[in-house]
Amino acid sequence: MAKLFIIIFMISGFLMGSNKDDINAWKELTLEEKVGQMIMVRVNGNYYQSDNQYRKSLKTWIQDYNVGGVIAFSGSVHGTFYNIKEFQSWSSVPLFVAADYERGVGQWINSATSFPSNMAVAATGTTDHAFQQGDVTSREARSIGVNIILGPVLDINNNPDNPIINFRAYSDDPEVVSKYGNAFISGVQKNNVFSCAKHFPGHGNTSIDSHSSLPIISGSKNDLISNELLPFKRAVDNGVKMVMIGHIAMPGLDASNVPASHSRKITNDLLREDWGFNGLIITDGMEMGGLTKNTWAGESAVRAVEAGCDILLLPMDIAATRKSL
């Protein structure tokens with residue numbers, strides 16, 4: 001848990017000019033405040049009226065529950081900028097602000113730059129295009145207050161029936177995925193914005209969407225290391241700051257068949273201990289069917305933290321999650 005808060009105050013210093021001594025300020029937080037910092041909730045870039053019920057809930061979560069992060073979706077450039085500015089003013093600790101800008105800020109916001117799919121970028125045969133995409137995306141994101149890009153997708157497109165990855169993957173070749181993914185990561189992180197590799201340990205070889213059910217991906221550990229896991233290992237070696245854990249079962253890595261986001265063998269033992277990853281670990285959306293069909297919000301949150309996750313993305317019930325942790 002200490003790693004999470006050190007990184008929170010480090011990124012606050014990078015992006016907001018805080019004093020280096022601020023990285024020790026997390027020690028002054030209460031247990032409840034530290035738990036709140038591990039939760040990330042949904043926002044958008046549309047203007048909220050002052051009596052809007054979701055706006056009231058957001059203010060409660062940030063001010064009273066000390067929620068540590070938000071994930072931004074649709075809206076306008078101006079609305080996103082001013083909303084994030086307001087949310088930051090509510091928080092005693094600078095917020096993590098993430099977004100799924102896999103294809104650029106224009107993927108979610110009109111008037112921002114939009115890029116083609118990852119598969120199209122890889123089809124150019126030039127990894128510098130992925131680097132430039134990461135560079136442009138992070139500069140635009142930072143200008144509106146976003147400090148985490150939830151990308152790149154490092155899944156391999158090795159199942160033609162996959163309903164959720166397909167063109168979001170760079171290739172069906174793990175080497176190609178690694179090269180273009182690392183180029184994107186370098187482009188993002190050169191601007192002091194965090195890049196988040198997803199969806200560890202790999203969501204490509206399945207015909208099931210983890211938004212609705214739990215995919216089970218077969219293969220021995222050696223097969224998985226040379227395919228699904230390879231791009232993520234290369235990203236860790238390349239210094240990626242964050243990794244998103246998917247709601248995917250891999251019996252070759254953990255015979256219990258629990259989702260990777262609930263598996264200590266996959267999240268802590270493999271990613272953290274074996275690979276030496278020292279960045280932040282975030283779950284995929286906790287509201288997704290890959291988790292909710294089997295566990296309720298509080299138990300799911302506890303299992304994810306016990307597995308080694310630092311940040312819980314979009315828990316179903318904020319109050320229950322906080323209380324359970």
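**Ground rules**

I am working on a predicted model, where local features need pLDDT of at least 70, side-chain atom pairs count only at pLDDT 80 or more, and totals for chains, interfaces and linings use all residues. Residues are numbered from 1 along each chain as its sequence is written, and side-chain values use heavy atoms, with hydrogens and water left out.

**Sheet**

I looked up the strand order first. The open sheet has eight strands in the order β7-β6-β5-β4-β3-β2-β1-β8, with parallel pairing. Strands here are DSSP runs of E with at least two residues, helices are runs of H or I with at least four, and both are numbered from the N terminus. Two strands pair if DSSP finds at least two bridges between them.

Which strands stand at the edges? They are β7 and β8 (312-313); each has a single partner strand, so one side of each is left without a neighbour in the sheet. At the β8 end, I find β1 (residues 39-45) paired with β8 in the parallel sense over two bridges. Met40 has Leu313 in β8 as its bridge partner.

Next I checked β6 (residues 242-245). Is each face of β6 covered or left open? Both faces are covered: Met242 and Met244 lie on one side, Val243 and Ile245 on the other, and all are buried. Buried means under 20% relative accessible area, exposed over 50%, and partly exposed in between, using a 1.4 Å probe and protein chains only.

On one flank, β5 (residues 194-200) pairs with β6 in the parallel sense over three bridges. Ala197 stands opposite Val243 there. Towards β7 (residues 280-283), β6 runs parallel and is joined by four bridges. Val243 stands opposite Ile281 in β7. The chain gets from β6 to β7 through helix α10 (residues 264-274), in a right-handed β-α-β crossover. Right-handed here means that, with the strands pointing away from the viewer, the path from the first strand over the helix to the second runs clockwise.

**Helices α7 and α9**

Two packed helices are described by the angle between their axes and the distance between the axes. For α7 (residues 174-189) and α9 (residues 230-237), the axes come within 8 Å and cross at roughly 30°. The axes are lines fitted to C-alpha atoms over the stretch in contact, and angles run from 0 to 180 degrees between N-to-C directions.

Which residues meet? Pro174, Glu175, Val177, Ser178, Asn182 and Ile185 in α7 meet Leu230, Pro231, Arg234 and Ala235 in α9. By class, I get six nonpolar, two polar and two charged residues. Nonpolar covers Ala, Val, Leu, Ile, Met, Phe, Trp, Tyr, Cys and Pro; charged covers Asp, Glu, Lys and Arg; the others, Gly among them, are polar.

In α9, Leu230, Pro231, Phe232, Ala235 and Val236 are buried. The buried residues of α9 pack against α7, β5, α8 (221-226) and α10. Contact means heavy atoms within 4.5 Å. After α9 comes Gly239, with a positive phi near 90°.

I looked for cis peptide bonds. The bond from Gly151 to Pro152 is cis, with omega near 15°, and Pro152 lies in the loop between β4 (148-149) and α7. Phe200 and Pro201 are also joined by a cis peptide bond, omega about 5°. Pro201 is in the loop between β5 and α8.

Asn66 has phi near 60° and lies in the loop between α3 (53-63) and β2 (69-75). Ser111 has phi near 80° and is in the loop between β3 (96-99) and α5 (118-123). Buried or exposed? Asn66 counts as buried at 11% relative accessibility, while Ser111 is exposed at 78%.

**Thr80**

My last stop was Thr80, in helix α4 (residues 77-90). Thr80 counts as buried because its relative accessibility is 3%. Leaving out residues up to four places away in sequence, Thr80 touches Gly45, Gly75, Ile109 and Ile144. The C-alpha atoms of Thr80 and Gly145 are separated by 8.1 Å, though the two are 65 residues apart along the chain.
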